[in-house]
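Have your viewer open as you read.

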Amino acid sequence: MTRPIALLLLALVLGGCAGDASERGAVTLVFKYARILGPADPLPGLLREFEAAHPRVRVKGESLPWTSDEQHQFYVINLEGRSPGFDLMMLDVIWAPEFARAGWLLDLTPHLVPGELAPHFPSTVEAATHDGRVWALPWTMNVGLLYYRADLLARHGLEPPASFEELVSQVRRIRSAERDPALEGYLWQGKQYEGLVVNVLEAFWASGTRLLAADGTVFPEPARAAEALGFLRALIEAGVSPAWTTAADEELSRRAFGDGHAIFLRNWPYALDLFEAPGSAVRGRVGIAPLPGRAGGPRGAGSTGGAHLGVSRRSRHPALALALARFLTSERAQKAIALGAALSPTREALYHDADLVRRRPSLPAIHALARAGRPRPVTPYYLLLSATVQPEFSAALVGVKSPRRAIADARARLDHFLGAIR
Amino acid sequence: MTRRRRAERRRGLLLVAPALLALVALTVYPGIWVLWLSLQHRVPIFEVSRFAALDNYAFLAGDPRFWNAARTTGLFTVLSVALELALGVLAALALHGQRRGRRLALSLLLLAWAMPSVVAAKLFEWLYHPAAGLFNVLLAGRPLNWLGDPSLALPAVILADVWRTMPFVAILCYARLLTIPAELYEAAQVDGAGRLATLGRITLPLLGRILLLAALFRTLDALRAFDIMYVLTGGGPANTTETLTVYAYRSLFQMLQLGFGSAVSVVVFVLVMGVAWAYLRLLRGRTVAA
């Protein structure tokens, strides 16, 4: 109990000092974030609200570059150069351990009230934890899920598939009956980029294996991993997934499904709002389901994504920055963000909030899927891992390498680079 | 007299000094720093920092991803520059022979050249779209997997680059064509030279120097090509479009291997310097001959 009070005092003192120093008597907090796409960006309003509650504080919201890669590059250059001009930063869910290990983030553990993070999805808290300490607050949630054409499945008397084998047979059955050459089966993301790693990880989990074991071994079961990768390749070879899957990212596959040219799609929840928008070719004809597992294997799980808020360790106003992070991740703020944009909250209670459910009726269903979701490997060297396996996975998908060979090559490279770090 | 000359020299040095200092600070110092980094194992965020001598280079020598990137860079450079030069000359000749609408044609050419390569890449992403893209619509019924097929991705990237930079060559050549005196052509006509002979004996030889210069600029750019493949394919599929600069970028900013990534950058630097030197020698040789 004393900690928050001490923090508050610290904030007052810090605020006061800065106030005396500058003529206008204001502290400026700089918040780095990526612009939010949606009907209305709720962020500026929220920042003004925070300022109203903290009269001596001005918050400057600064946009990050567009893609995750460029954002990461921006942070690396600015934080390694030791002159970050910002206090609070939006982090992709895969960066928190890396930034924590690098000493760029303020350790939030001593400032947290017991139970403070309990309302958030456990997987989002896990992704923000490194070495048993918490380095960021969960802000937005994302999870991979299966979209299906409810009208097509109903017409053929089918239920959403529980296994990938079932999905394949449903694709065959529907396509042979529909006789529409433009109708693809199952769309997913196979371009050589982060999204490919996400899709392959989901295939690994569906086959009961992992990329990184708890003891740090990469590809603990290489044969199973190769089998899972081979299954993805077989989807393309058999025509269940189109040949261009090897160049598909989220948007390419989302548009094809949204134009009514596919039966199944793996994507994130943002796509649903677009499918249900007025004028959409598939409006009212789309269902969502958990990603299938493999027949006889464990249940499938979608990969989680989203963003965290972390306080820069070099911030001159850490207490205020933390207060801003707390405010932006509060139930009020997350609700405003979920209402204004196609982003899902990390607070589980909001998935059953009456106002939100009225606006986005799929939220309760997404809640169950998000709860079952799994984070990508939580490790400081995740990006090294991802950048190394991307070309190997891609090579297996396009048939340049056998899956077994691709896994072996990825392992050898990772052993080399990780050997120097560990 | 000598004192005056010495004073003049001193003043000259003084005047050059700011530029020289700026050059040292902006290129020589970072260059040496990257060279120094490349001799280390350095992953700052994991507190790895130790001298490695030539370890990074030794690893590169046996690194299939590096050799693949080197091959891709070479192929991309040779093919895209050759196509750009050929098409650029053709476009310049067409422009020169055109009677009306030259200004419009010039502006259209400049438009492509003025477009930032990221924008051009996005444009081509749409053109290569598997279902709705112009190329596949034209191929009606037999769509190609432009960016997802390991044998098509590099040609697709080259095509996009040629479209964007061919105008540079075309405009340089066009400017040179304008300065060729009309009497030369009249004389050729009097001597009974046909169109082909005029082209081969007069126009092309006179374009030679400017073409070499255009080739120099384009080659140096192509060797460092990054954004067009970064946006279009991200280096994929199966690394078939990953150039050395893309590899260096991934090593530096994603894998955070500062030492190793610097070694890749040094290789690119040496390559670029070597090619620039060869071209400059060629250019100098031609000046003497002409």
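How many cavities of 30 Å³ or more does the rule count? The count comes to five. Please keep in mind throughout that this is a predicted model.

## The largest cavity

The largest cavity holds about 100 Å³ of space. Its lining is made up of Phe164(A), Tyr186(A), Trp188(A), Asn199(A), Glu202(A), Ala203(A), Ala206(A), Leu232(A), Arg266(A), Leu291(A), Pro292(A) and Ala301(A).

Which helix gives the largest share of this lining? That is helix 8 of chain A, residues 194-206, with four residues. By class, the lining of the largest cavity has nine nonpolar residues, one polar residue and two charged ones.

## The second largest cavity

The second largest cavity has a volume of about 60 Å³. Around this space you will find Val93(A), Ile94(A), Pro97(A), Ala127(A), Pro375(A), Arg376(A), Pro377(A), Val378(A), Thr379(A) and Tyr382(A). Eight of the lining residues are nonpolar, one is polar and one is charged.

## A pocket lined by both chains

Sorted by class, the lining of the second largest pocket comes to 21 nonpolar, six polar and two charged residues.

## Where the chains meet

The contact between the chains involves 37 residues of chain B and 35 residues of chain A. About 3,000 Å² of area is buried between chain B and chain A, with carbon and sulfur atoms giving 61% of that area. Across this interface, 13 residue pairs are in polar contact, with both residues at pLDDT 80 or more.

On the side of chain B that touches chain A, at least two residues each come from strand 2 (48-51), helix 5 (117-127), helix 10 (227-232) and helix 11 (244-254). Helix 11 of chain B supplies the largest share, five residues. This side of chain B is made up of 20 nonpolar, 10 polar and seven charged residues.

## Salt bridges between the chains

Over all chains, the structure holds 34 salt bridges. How many of them are counted between chain B and chain A? The count is two. As a general point, side chains of opposite charge can pair when their charged atoms come close.

One salt bridge is formed by Arg413(A) and Asp63(B), whose closest N and O atoms are 2.7 Å apart. Another brings together the side chains of Glu47(B) and Arg101(A), at 3.8 Å from N to O. Glu47(B) is in the loop between strand 1 (40-43) and strand 2 of chain B, while Arg101(A) belongs to helix 4 of chain A (residues 96-101), so this pair joins two chains.

## Two backbone details to check

Two loops deserve a look in your viewer. In chain B, the peptide bond from Gly236(B) to Pro237(B) is cis, and its omega is near -10°. Pro237(B) sits in the loop between helix 10 and helix 11 of chain B.

In chain A, turn to Phe219(A), a residue other than glycine with a positive phi, near 45°. Where is Phe219(A) found? Phe219(A) lies in the loop that runs between helix 8 and helix 9 (222-237) of chain A.

Conventions:
Residues are numbered from 1 along each chain as its sequence is written. Chains are lettered from A and ligands numbered from 1 in the order in which they are written. This is a predicted model: local features need pLDDT of at least 70, side-chain atom pairs count only at pLDDT 80 or more; totals for chains, interfaces and linings use all residues. Side-chain values use heavy atoms; hydrogens and water are left out. Contact means heavy atoms within 4.5 Å. Buried area is the accessible area (1.4 Å probe) that two parts lose on being put together, summed over both. A salt bridge is a side-chain nitrogen of Lys or Arg within 4 Å of a carboxyl oxygen of Asp or Glu. A polar contact is a pair of N or O atoms within 3.5 Å; within protein, one must be able to donate a hydrogen and the other to accept it, and residues adjacent in sequence count only if both atoms are side-chain atoms. Ala, Val, Leu, Ile, Met, Phe, Trp, Tyr, Cys and Pro count as nonpolar, Asp, Glu, Lys and Arg as charged, and the others, Gly among them, as polar. On a 1 Å grid over the protein atoms alone, a cavity is a set of points where a 1.4 Å probe fits but cannot get out, and a pocket is an open set with protein on both sides within 12 Å along at least five of seven lines; lining residues have an atom within 4 Å of a point. Grid points are joined across faces, edges and corners, and a volume is the space filled by probe spheres set on the points.
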